[in-house]
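This report describes one protein chain for a reader who has not seen it before.

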Amino acid sequence: MANLKEIRNRIGSISSTMQITSAMKMVSAAKLKKAQDAITAMRPYAEKLTELLQNLSATLDGNSGGAYAEQREVNKVLIIAVTSNRGLCGAFNSNVIKGVKNRIEFYSGKTVDIFAIGKKGNDVLRKTNTVIENRSSIFDDLTFDNVSDVAEIVMKKFVDGEYDKIEVVYNHFKNAATQIVKTEQFLPLEPITGGEAIASDYLFEPSKEDIVLTLIPKSLKTQLYKSIRDSFASEHGARMTAMHKATDNATELRNQLKLTYNKARQAAITGEILEIVGGAEALNS
């Protein structure tokens, strides 16, 4: 009977776990809808802003990016690692951490620092690498203004010559079940090639150069905001998928334990019946 009690306790424990994972799945599904709508609505704006910048720059001569396009010998690299503050989202965080470590290996022999956005990435990467700052609180109020503050800090570090190259590693949201780790160059601006020049009968006020130099900081901030928004939606998609799988696995395990419990209970009852029958026959003889 002790064995039966142990199985009952396990069934109760797994049932409680199922309730938790199922609730987390529903919460993540609700948050995913909002985050997915936000990134879906933002992508066209970000892409159009980049396209406009490219069209304007294509009509200019020389270095149109100013200090943000300065190409230097790469000796110091800053990697912006975008992870989450919480776990239970499958391989979401470990994939980004792996991507960051791959970039560190790629820049072997050079100084590579990390700017962490997300508690999970900070906790792991700081053990083996230099994390200059952690902005995990940004997910408490994910707005363009808060991301702009981070972007300005990073942009200033590049302009001041503290770093020669800055990259962003994050999860790109494809759908609820699929997140793709992406590495994008943040600074310096990559040389703009191709693109159709804007028609010559347009009048620019102020000059094209001034417009481009105004658009570049705006475009960089938008790019970083889009990356973090992308990661935020990916996190909820990954957590919803992970909790769905956890609930399914718990259901399967509970069913197996119930079958084991019923078999053990049946065997115990059969044993008791045999003992009673054996005792009765012994009395009769």
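## A residue in a loop

Where is D164 found? In this predicted model, D164 lies in the loop that runs between helix 4 (144-159) and strand 4 (165-175).

D164 has a relative accessible area of 11%, and buried means under 20%, so D164 counts as buried. Its side chain reaches the backbone nitrogen of N75 at 2.9 Å. Apart from neighbours within four places in sequence, D164 is in contact with R72, E73, V74, N75, K76, F158 and P188.

## The whole chain

The protein chain has five helices and five strands. Read from the N terminus, the order of its elements is α-β-α-β-α-β-α-β-β-α. The radius of gyration is 29 Å, well over the 19 Å that the globule rule gives for 285 residues, so the chain is more spread out than a compact globule. The C-alpha trace spans about 115 × 45 × 30 Å along its principal axes.

Among contacts with a separation of 6 or more, 78% are between residues 24 or more positions apart. Of the 285 residues, 39% count as buried. The accessible surface of the chain comes to about 15800 Å², and carbon and sulfur atoms hold 52% of that surface.

## A nonpolar patch

On the surface, I269, I273 and V277 form a nonpolar patch. Together these residues have about 240 Å² of accessible area.

One of them, I273, is found in helix 5 (residues 208-284). I273 counts as partly exposed because its relative accessibility is 47%.

Technical notes:
Residues numbered from 1 in each chain as written. Predicted model: local features only at pLDDT ≥ 70, side-chain atom pairs only at ≥ 80, totals over all residues. Heavy atoms only, no water. Patch = residues over 30% accessible without salt bridge, like charges linked within 9 Å, V, L, I, M, F, W, Y side chains within 5 Å. Areas by Shrake-Rupley, 256 points an atom, 1.4 Å probe, with all protein chains shown as cover. Salt bridge = Lys/Arg side-chain N within 4 Å of Asp/Glu carboxyl O. Helix = DSSP H or I, 4+ residues; strand = E, 2+ residues; numbered from the N terminus. Buried < 20%, exposed > 50% of the residue type's maximum accessible area, 1.4 Å probe, protein only. Polar contact = N/O pair within 3.5 Å; in protein donor to acceptor, adjacent residues only side chain to side chain. Contact = heavy atoms within 4.5 Å. Rg over C-alpha atoms; globule rule 2.2 N^0.38 Å.
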